[in-house]
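Q: Hi! Could you walk me through this model while I have it open?

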Amino acid sequence: KQSLKIGLIPADGIGKEVIPAAKAAIIALGSDIPKPEFIDLVAGWETFTRTGVALPDETVEILRNECDCALFGSVSSPSRKVVGYSSPIVALRKKLDLYANIRPVVSVAPEVDQKPAVDLIVVRENTECLYVKEETLIDTPNGKEARASRLITERASRRIGQMAFQLANARPRKHLTIIHKSNVLSVTDGLFRETVRGIKSLPANDGKFNGVTIAEQLVDSAVYRLFREPEIFDVMVAPNLYGDIISDAAAALVGSLGLIPSINAGDNFVMGEPVHGSAPDIEGKGIANPLASIRSAALMLRHLGYTEGADRLDLAVNQVIREGRFLTPDLKGTSTTEEVLQAVLSKI
Ligand code: NAD
Ligand code: K
Ligand code: MN
């Protein structure tokens, strides 16, 4: 391959501060990867306030037709309902059929940050559950009544389960925990649980997952155990909303959301994205932690098969964390985004 075309969608808030850092880190890899070509694309709340559209068709078309992969920053979605607005990241995941959100949470230096040793991957279903966003509001004699529908399909549960088994099978512990709440939601979560459990014995898998052990955990007690004994988890697979919540919780265990990367992966496209949001509380101060975005670039490259480049990025990030000299305030440091980036670049 001559070049690697990477769509860049910083979107809102600190997304605009951390995606340029990921871009600089990719450029620093030099000949470890095909020559990167970046295509700047827009989406988000600011785009919506400017144009009336949060996710322009052009952005989707260019990603589909011209890009090999993409990096997304973060959007500022309002908590109130705004007519005509809907989250562009949720829409992008659906439009590009990026059905798996893979979120590794690893503590690099437990001895330094005095945090427990965590080494797990949250595999979050990325296209359905409550994120189908079918909500209704009606007036009743007793006041307003709001409802949301939650979609779980066998197809989506099977493909996310297959991905989770593959990831678990490639890890030393080969342990998969299915997260659900089927004691209450026996129909929807029951279907998710049964479908994922059934993957191990699918004829098409021909026994290849025989070495994977399966456990399951109700989502509430999963969060409890995550805080008390995170070492019991290896790969966790969950419907969309539970996966979102569990990965933010796991992020707290290793020190900061500013460290946690993800990829949104489908069969034909991959988009790296830090797990965090647009962080309005620190926006514009130049102190956002860029490490989650640099790690997201590494995950994206690894997914595409550029293992050496990915390793170099990860090693550089891990060295900077271990040394502890250049860290942003979320990790109790005093460095700026730019200083942390320069520290990483010096190690690549
Ligand atoms: P958030 O992730 O933006 O912030 C939570 C806390 O973590 C804040 O205190 C923030 O300062 C801190 N933090 C997050 N990333 C950091 C980084 N890189 N460096 C240092 N500190 C960091 O979550 P929120 O405050 O609940 O949401 C803010 C906005 O982001 C909302 O509009 C929400 O809709 C949006 N959001 C978007 C995404 C996405 O783009 N996929 C994900 C989550 C939230
Ligand atoms: K994000
Ligand atoms: Mn989240």
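This is a predicted model: local features need pLDDT of at least 70, side-chain atom pairs count only at pLDDT 80 or more; totals for chains, interfaces and linings use all residues.

Q: Nice. Is helix 10 mostly covered or mostly open?
A: Mostly covered, with 11 of the 13 residues buried. Among them are Leu291, Ile294, Arg295, Ala298 and Met300.

Q: And what do the buried residues of helix 10 pack against?
A: There are helices and strands on that list. The helices are helix 1 (15-27), helix 11 (307-323) and helix 12 (337-347). The strands are strand 3 (69-74), strand 11 (263-265) and strand 12 (270-272).

Q: What's the backbone doing just after helix 10?
A: Gly305 sits there and takes a positive phi of about 100°.

Q: OK, the core next. Which residues of the largest nonpolar core touch the most other members?
A: That core has 96 residues, and the ones touching the most other members are Leu71, Val123, Val235, Met236, Val237, Ile294 and Ala297. The largest share of this core comes from helix 10, with 8 residues.

Q: Let's take Val237. What is it in contact with, leaving aside neighbours within four places in sequence?
A: With that exclusion, Val237 contacts Val123, Ile160, Gly161 and Ala164, along with Leu176, Ile178, Ile179 and Val196. Val196 also turns up among the buried residues of helix 7 (residues 188-198).

Q: Which other residues of helix 7 are buried?
A: Besides Val196, they are Thr188, Asp189, Phe192, Arg193 and Thr195. The cover over the buried residues of helix 7 includes helix 6 (154-169), strand 7, strand 8 (175-180), strand 9 and strand 10 (235-238).

Q: You mentioned strand 7. How many of its 9 residues are buried?
A: The number is 0, so strand 7 (residues 143-151) lies largely in the open.

Q: How does strand 7 run relative to strand 6, and how many bridges join them?
A: They run antiparallel, with 8 bridges between strand 7 and strand 6 (residues 129-140). A hairpin of 2 residues connects the two strands, and Thr140 stands opposite Gly143.

Q: Strand 9 came up too. Is Thr213 buried or exposed?
A: Thr213, which lies in strand 9 (residues 213-218), is exposed because 12 other C-beta atoms are within 10 Å, and 12 or fewer counts as exposed. Apart from neighbours within four places in sequence, Thr213 is in contact with Lys174 and His175. Its C-alpha atom is also 8.7 Å from that of Arg173, a residue 40 places away in sequence.

Q: Switching to the ligand. Which residues come nearest to ligand 1?
A: There are 21 residues around ligand 1, and Ser74, Gly258, His276, Gly277 and Asn289 come nearest. By class, that shell has 10 nonpolar, 9 polar and 2 charged residues.

Q: What about Ala288, where is that?
A: Ala288 is in the loop between strand 12 and helix 10. With 31 C-beta neighbours inside 10 Å, Ala288 counts as buried, because the cut-off is 20 or more. Leaving aside neighbours within four places in sequence, its contacts include Gly258, Ile14, Glu17 and Thr337. Val270 is 18 residues from Ala288 along the chain, and their C-alpha atoms are separated by 24 Å.

Q: Last one: where is Phe209 found?
A: In the loop between helix 7 and strand 9. Phe209 counts as partly exposed, with 19 C-beta neighbours inside 10 Å. Leaving aside neighbours within four places in sequence, Phe209 is in contact with Phe165, Asn169, Ile199 and Lys200.

Key:
Residues are numbered from 1 along each chain as its sequence is written. Chains are lettered from A and ligands numbered from 1 in the order in which they are written. A residue is near a molecule or strand if its C-beta atom, placed from the backbone, lies within 6 Å of it. Ala, Val, Leu, Ile, Met, Phe, Trp, Tyr, Cys and Pro count as nonpolar, Asp, Glu, Lys and Arg as charged, and the others, Gly among them, as polar. Helices (H or I, at least four residues) and strands (E, at least two) are DSSP runs, numbered from the N terminus. Two residues are in contact if their C-beta atoms, placed from the backbone, lie within 7 Å. Two strands pair if DSSP finds at least two bridges between them. A nonpolar core is a set of buried Ala, Val, Leu, Ile, Met, Phe, Trp, Tyr and Cys residues joined through C-beta atoms within 7 Å.
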